[in-house]
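User: I would like to learn how to read pairs of aromatic rings in a protein model. Could you take me through it step by step?

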Amino acid sequence: MTSVAPARADVDVVLAHGSIHTSPGGQYSFRVIGSCCRLFDREELPWPCCRLAWRSKEPSWRRVGRRFVADVAARRCPSYVVELLQPGSKPTVTVLTLFSQRLTPGLQEWWYSRGQLSKDPANLLPASMLLATEETPSC
(Lines give C-alpha, C1' and ligand atoms only; values in the text may rest on other atoms or scores of the structure.)
Protein backbone atom coordinates (compact mmCIF):
# COMPACT_ATOMS: atom_id res chain seq x y z
CA MET A 1 0.00 0.00 0.00
CA THR A 2 1.51 3.32 -1.05
CA SER A 3 0.32 6.74 -0.04
CA VAL A 4 0.49 9.63 -2.43
CA ALA A 5 0.92 13.12 -1.01
CA PRO A 6 -1.40 15.71 -2.54
CA ALA A 7 0.30 18.05 -4.99
CA ARG A 8 0.78 21.57 -3.72
CA ALA A 9 0.30 24.54 -5.95
CA ASP A 10 3.36 26.72 -6.51
CA VAL A 11 2.68 30.41 -5.98
CA ASP A 12 4.52 33.07 -7.97
CA VAL A 13 2.33 36.11 -7.19
CA VAL A 14 1.29 37.95 -4.05
CA LEU A 15 -2.44 38.31 -3.38
CA ALA A 16 -3.58 41.86 -4.08
CA HIS A 17 -4.38 44.25 -1.23
CA GLY A 18 -8.12 44.43 -0.64
CA SER A 19 -8.96 41.30 -2.64
CA ILE A 20 -11.48 38.89 -1.11
CA HIS A 21 -10.94 35.12 -1.17
CA THR A 22 -12.57 32.06 0.36
CA SER A 23 -10.63 29.88 2.77
CA PRO A 24 -9.17 26.61 1.44
CA GLY A 25 -11.91 24.68 3.27
CA GLY A 26 -14.65 27.12 2.33
CA GLN A 27 -15.79 27.91 5.91
CA TYR A 28 -15.12 31.66 5.74
CA SER A 29 -13.93 34.46 3.48
CA PHE A 30 -11.05 36.82 4.07
CA ARG A 31 -9.94 40.21 2.78
CA VAL A 32 -6.19 40.59 2.23
CA ILE A 33 -4.65 43.53 4.07
CA GLY A 34 -1.07 42.71 3.03
CA SER A 35 1.65 40.09 2.88
CA CYS A 36 3.75 39.48 5.98
CA CYS A 37 6.55 37.35 7.35
CA ARG A 38 5.45 34.93 10.09
CA LEU A 39 7.89 35.20 12.98
CA PHE A 40 8.58 32.86 15.88
CA ASP A 41 9.00 34.51 19.29
CA ARG A 42 11.84 32.74 21.11
CA GLU A 43 10.67 34.20 24.43
CA GLU A 44 7.55 31.99 24.22
CA LEU A 45 9.56 28.75 24.50
CA PRO A 46 8.30 26.74 27.49
CA TRP A 47 10.20 26.17 30.71
CA PRO A 48 11.85 22.72 30.59
CA CYS A 49 9.66 20.84 33.04
CA CYS A 50 10.78 17.27 32.31
CA ARG A 51 14.22 16.04 31.23
CA LEU A 52 12.77 13.04 29.38
CA ALA A 53 10.64 15.29 27.21
CA TRP A 54 13.59 17.40 26.04
CA ARG A 55 16.26 14.63 25.88
CA SER A 56 19.05 16.87 24.62
CA LYS A 57 19.57 20.62 24.53
CA GLU A 58 17.14 22.35 26.83
CA PRO A 59 15.98 25.90 26.17
CA SER A 60 17.58 28.50 28.38
CA TRP A 61 16.28 31.77 29.77
CA ARG A 62 19.64 33.24 28.77
CA ARG A 63 18.96 33.03 25.04
CA VAL A 64 21.57 34.53 22.75
CA GLY A 65 20.57 36.06 19.45
CA ARG A 66 17.46 37.63 18.02
CA ARG A 67 14.17 37.34 19.86
CA PHE A 68 12.09 37.05 16.67
CA VAL A 69 13.24 34.64 13.97
CA ALA A 70 11.54 33.46 10.78
CA ASP A 71 9.15 30.59 11.52
CA VAL A 72 10.66 27.48 9.93
CA ALA A 73 7.25 25.83 9.48
CA ALA A 74 5.84 28.76 7.48
CA ARG A 75 8.96 29.80 5.56
CA ARG A 76 7.96 28.08 2.30
CA CYS A 77 4.30 29.14 2.38
CA PRO A 78 2.69 32.57 1.84
CA SER A 79 1.46 34.43 4.95
CA TYR A 80 -0.93 37.38 4.90
CA VAL A 81 -2.46 39.79 7.36
CA VAL A 82 -6.15 39.29 6.68
CA GLU A 83 -9.53 40.38 7.90
CA LEU A 84 -11.76 37.34 8.44
CA LEU A 85 -15.25 37.94 7.08
CA GLN A 86 -17.56 35.58 8.94
CA PRO A 87 -21.32 35.86 8.56
CA GLY A 88 -22.98 37.12 11.72
CA SER A 89 -19.82 38.27 13.54
CA LYS A 90 -17.42 41.20 13.59
CA PRO A 91 -14.52 41.14 11.11
CA THR A 92 -11.38 39.85 12.85
CA VAL A 93 -7.81 40.79 11.86
CA THR A 94 -5.32 37.92 12.04
CA VAL A 95 -2.33 36.37 10.27
CA LEU A 96 -3.20 33.55 7.87
CA THR A 97 -0.61 31.16 6.42
CA LEU A 98 -1.69 29.18 3.36
CA PHE A 99 0.12 25.89 4.01
CA SER A 100 -1.55 24.27 0.98
CA GLN A 101 0.53 26.52 -1.29
CA ARG A 102 4.30 26.66 -1.79
CA LEU A 103 6.31 29.73 -2.74
CA THR A 104 8.51 29.49 -5.83
CA PRO A 105 12.24 29.91 -5.03
CA GLY A 106 12.29 33.47 -6.41
CA LEU A 107 9.27 34.56 -4.40
CA GLN A 108 10.56 32.82 -1.27
CA GLU A 109 13.83 34.76 -1.60
CA TRP A 110 11.86 38.03 -1.70
CA TRP A 111 9.54 37.00 1.15
CA TYR A 112 12.15 35.75 3.67
CA SER A 113 15.43 37.22 2.45
CA ARG A 114 18.13 38.34 4.85
CA GLY A 115 20.02 40.28 2.17
CA GLN A 116 20.51 44.03 2.15
CA LEU A 117 18.32 44.46 -0.95
CA SER A 118 15.31 43.12 0.94
CA LYS A 119 15.67 45.88 3.56
CA ASP A 120 15.30 48.59 0.92
CA PRO A 121 11.99 50.46 1.45
CA ALA A 122 11.43 50.54 -2.32
CA ASN A 123 11.38 46.72 -2.48
CA LEU A 124 7.60 46.42 -2.09
CA LEU A 125 6.94 43.71 -4.70
CA PRO A 126 9.00 40.81 -6.06
CA ALA A 127 10.78 41.33 -9.38
CA SER A 128 8.42 38.98 -11.25
CA MET A 129 5.41 41.08 -10.21
CA LEU A 130 7.15 44.38 -11.03
CA LEU A 131 7.84 43.16 -14.57
CA ALA A 132 4.22 42.07 -14.96
CA THR A 133 2.89 45.49 -13.85
CA GLU A 134 5.28 47.34 -16.17
CA GLU A 135 4.19 45.27 -19.19
CA THR A 136 0.46 45.91 -18.76
CA PRO A 137 -0.59 49.15 -20.44
CA SER A 138 -2.34 51.68 -18.25
CA CYS A 139 -5.39 53.60 -19.44
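User: How many aromatic pairs does the ring rule give here?

Analyst: Rings are taken as a pair if their centres lie within 6.5 Å, and planes over 60 degrees apart count as edge-to-face. In this predicted model, the count by that rule comes to 2 aromatic pairs. One of them joins tyrosine 80 and tryptophan 111, with 5.6 Å from centre to centre and 85° between the planes, so the pair is edge-to-face.

User: Where in the chain do tyrosine 80 and tryptophan 111 sit?

Analyst: The pair links distant parts of the chain, since tyrosine 80 belongs to strand β6 (residues 79–85) and tryptophan 111 to helix α2 (residues 105–112), 31 residues apart.

User: Are tyrosine 80 and tryptophan 111 buried or exposed?

Analyst: A residue is called buried when its relative accessible area is under 20%. Tyrosine 80 counts as buried because its relative accessibility is 2%, and tryptophan 111 is buried as well, with a relative accessible area of 8%.

User: Which residues form the other aromatic pair?

Analyst: Tryptophan 110 and tryptophan 111 form an edge-to-face pair, with 5.7 Å between the centres and 80° between the planes. Tryptophan 110 is buried, as is tryptophan 111, and the ring pairs link Tyr80, Trp110 and Trp111 into a cluster.

User: What do the buried residues of α2 pack against?

Analyst: The buried residues in α2 are Leu107, Trp110, Trp111 and Tyr112, and the buried residues of this helix pack against β1 (9–11), β3 (29–36), β5 (68–70), β6 and β8 (101–103).

User: How should I read a nonpolar core, and which residues have the most contacts inside the largest one here?

Analyst: The general idea is that in soluble globular proteins nonpolar side chains tend to be buried together. In this model the largest nonpolar core has 15 residues, and those with the most contacts inside it are Val14, Phe30, Tyr80, Val82, Leu107 and Trp111. Two or more residues come from each of β3, β6 and α2, and α2 gives the most, with 4 residues. Leaving aside residues up to four places away in sequence, valine 82 touches Phe30, Arg31, Val32, Ile33, Thr92, Val93, Thr94 and Leu96.

User: What is the overall pattern of helices and strands along the sequence?

Analyst: The protein has 3 helices and 8 strands, and along the sequence they follow the pattern β-β-β-β-α-β-β-β-β-α-α. Of the 139 residues in the protein, 22% are buried. Among contacts between residues at least 6 apart in sequence, 59% join residues at least 24 apart.

Technical notes
Residues are numbered from 1 along each chain as its sequence is written. This is a predicted model: local features need pLDDT of at least 70, side-chain atom pairs count only at pLDDT 80 or more; totals for chains, interfaces and linings use all residues. Side-chain values use heavy atoms; hydrogens and water are left out. Rings of Phe, Tyr and Trp (its six-membered ring) pair if their centres lie within 6.5 Å; planes under 30 degrees apart count as stacked, over 60 as edge-to-face and the rest as tilted. Buried means under 20% relative accessible area, exposed over 50%, partly exposed in between (1.4 Å probe, protein chains only). Contact means heavy atoms within 4.5 Å. A nonpolar core is a set of buried Ala, Val, Leu, Ile, Met, Phe, Trp, Tyr and Cys residues joined through side-chain atoms within 4.5 Å.
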